[in-house]
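Please keep the sequence and the coordinates at hand while reading.

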Amino acid sequence: MNVLVNFLIGFFILCGALLCLIASFGVIRLPDVYTRNHAASKAATLGVMLILLGTFLYFFTLEGHVNSRLILGIAFLFMTSPISGHLINRAAYNSGVKLWDQSIRDDLREYNKKMLNKSSVD
Amino acid sequence: MRQPNNMILETALKLLLFFIVLFSIYIFTAGHYYPGGGFIGGLMTAGAIVLLLITYDIKTVQKILPVDYRIVTAIGLLFSIGTSAGALFFNVPFLTHVFTHVEVPVLGDLALHTATIFDLGVYFVVIGVTMTIILTIGEDE
């Protein structure tokens with residue numbers, strides 16, 4: 001039982017660290033703001049959540065201490081990190097950052113153009 | 001009626017504010033036995049109000065929380081000086097604190113300490129000063 005839990009703790013923490021590493025590789029190697037943000041806000045969120053879960057399990061099994069702040073941290077991170085990614089992307093789009101030159105679809109530009117035409121007609 | 005600027009942020013904020021304010025109160029009350037206390041609790045409450053300011057604008061926040069933060073600072077200083085000077089009435093030096101165990105019906109045995117009231121003063125002063133600084137910078141035109 002104890003060996004299994006130890007294995008689980010190690011698995012969670014190593015997986016989380018690996019996901020954070022993959023996220024940082026994504027931030028370096030991907031071509032534009034939007035794809036980089038995609039890598040950072042998804043992979044790093046899951047990575048940090050797994051590390052926190054591993055920490056929680058460690059203190060729970062070895063010291064019998066239920067640290068509710070870690071659970072709160074997991075829930076908080078799960079809610080806030082995608083929102084911050086969304087806000088950064090939105091700010092980048094609204095201040096006119098170009099998409100990668102090989103991307104082929106931009107639905108939001110057409111939507112904005114349509115809304116602009118409609119408001120000028122009214 | 002104001003138009004919502006960013007629906008995702010405003011909807012999430014309604015849930016997140018409870019988390020942040022609850023955690024700041026926890027940190028404030030746990031300050032005697034664990035890391036925390038008035039300063040960091042006050043900063044975190046001010047952070048929650050700043051998050052509200054980021055999401056809405058100054059006028060809306062002033063409507064939600066009709067508080068003059070300069071008065072909050074004054075009340076905090078009054079609390080701290082009052083608990084410190086209260087010791088003089090009992091012929092003990094300034095800033096002497098007392099604590100006692102009280103049996104409360106629902107909550108059980110509570111160890112009440114006058115240092116908590118001093119800490120409450122610190123909490124109010126930190127909120128008041130931080131919000132005054134941020135609001136004076138934000139209102140500048």
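A salt bridge is a side-chain nitrogen of Lys or Arg within 4 Å of a carboxyl oxygen of Asp or Glu. Eleven residues of chain B are in contact (heavy atoms within 4.5 Å) with nine residues of chain A. The two chains bury about 1,000 Å² between them, and carbon and sulfur atoms give 79% of that area. Buried area is the accessible area (1.4 Å probe) that two parts lose on being put together, summed over both. On the side of chain B, B:Asn6, B:Leu16 and B:Phe19 lose the most area to chain A, together 43% of what that side buries.

Over all chains, the search of the whole structure finds one salt bridge. This salt bridge joins the side chains of A:Asp107 and A:Arg105 at 2.9 Å, N to O. Side chains of opposite charge can pair when their charged atoms come close.

The largest nonpolar core has 17 residues, of which B:Leu52, B:Tyr69, B:Ile127 and B:Met131 touch the most other members. Such a core is a set of buried Ala, Val, Leu, Ile, Met, Phe, Trp, Tyr and Cys residues joined through side-chain atoms within 4.5 Å. Helices H1 (7–29), H2 (38–55), H4 and H5 (115–139) of chain B each supply at least two residues of this core. The largest share, five residues, comes from H2(B). Helices (H or I, at least four residues) and strands (E, at least two) are DSSP runs, numbered from the N terminus. Leaving aside neighbours within four places in sequence, B:Met131 is in contact with B:Ala46, B:Ile49, B:Val50, B:Leu53 and B:Tyr69.

Most residues other than glycine have a negative phi. B:Asn91, although not a glycine, has a positive phi of about 60°, and B:Leu95, also not a glycine, has a positive phi of about 75°. B:Asn91 is found in the loop between helix H4 (69–86) and strand E1 (99–104) of chain B, and B:Leu95 lies in the loop between H4 and E1 of chain B.

The table lists relative accessible areas; buried means under 20%, exposed over 50%, and partly exposed in between (1.4 Å probe, protein chains only).

| Residue | Relative accessible area |
|---|---|
| A:Asp107 | 43%, partly exposed |
| A:Arg105 | 63%, exposed |
| B:Asn91 | 76%, exposed |
| B:Leu95 | 43%, partly exposed |

Residues are numbered from 1 along each chain as its sequence is written, and chains are lettered from A and ligands numbered from 1 in the order in which they are written. In this predicted model, local features need pLDDT of at least 70, side-chain atom pairs count only at pLDDT 80 or more, and totals for chains, interfaces and linings use all residues, while side-chain values use heavy atoms, with hydrogens and water left out.
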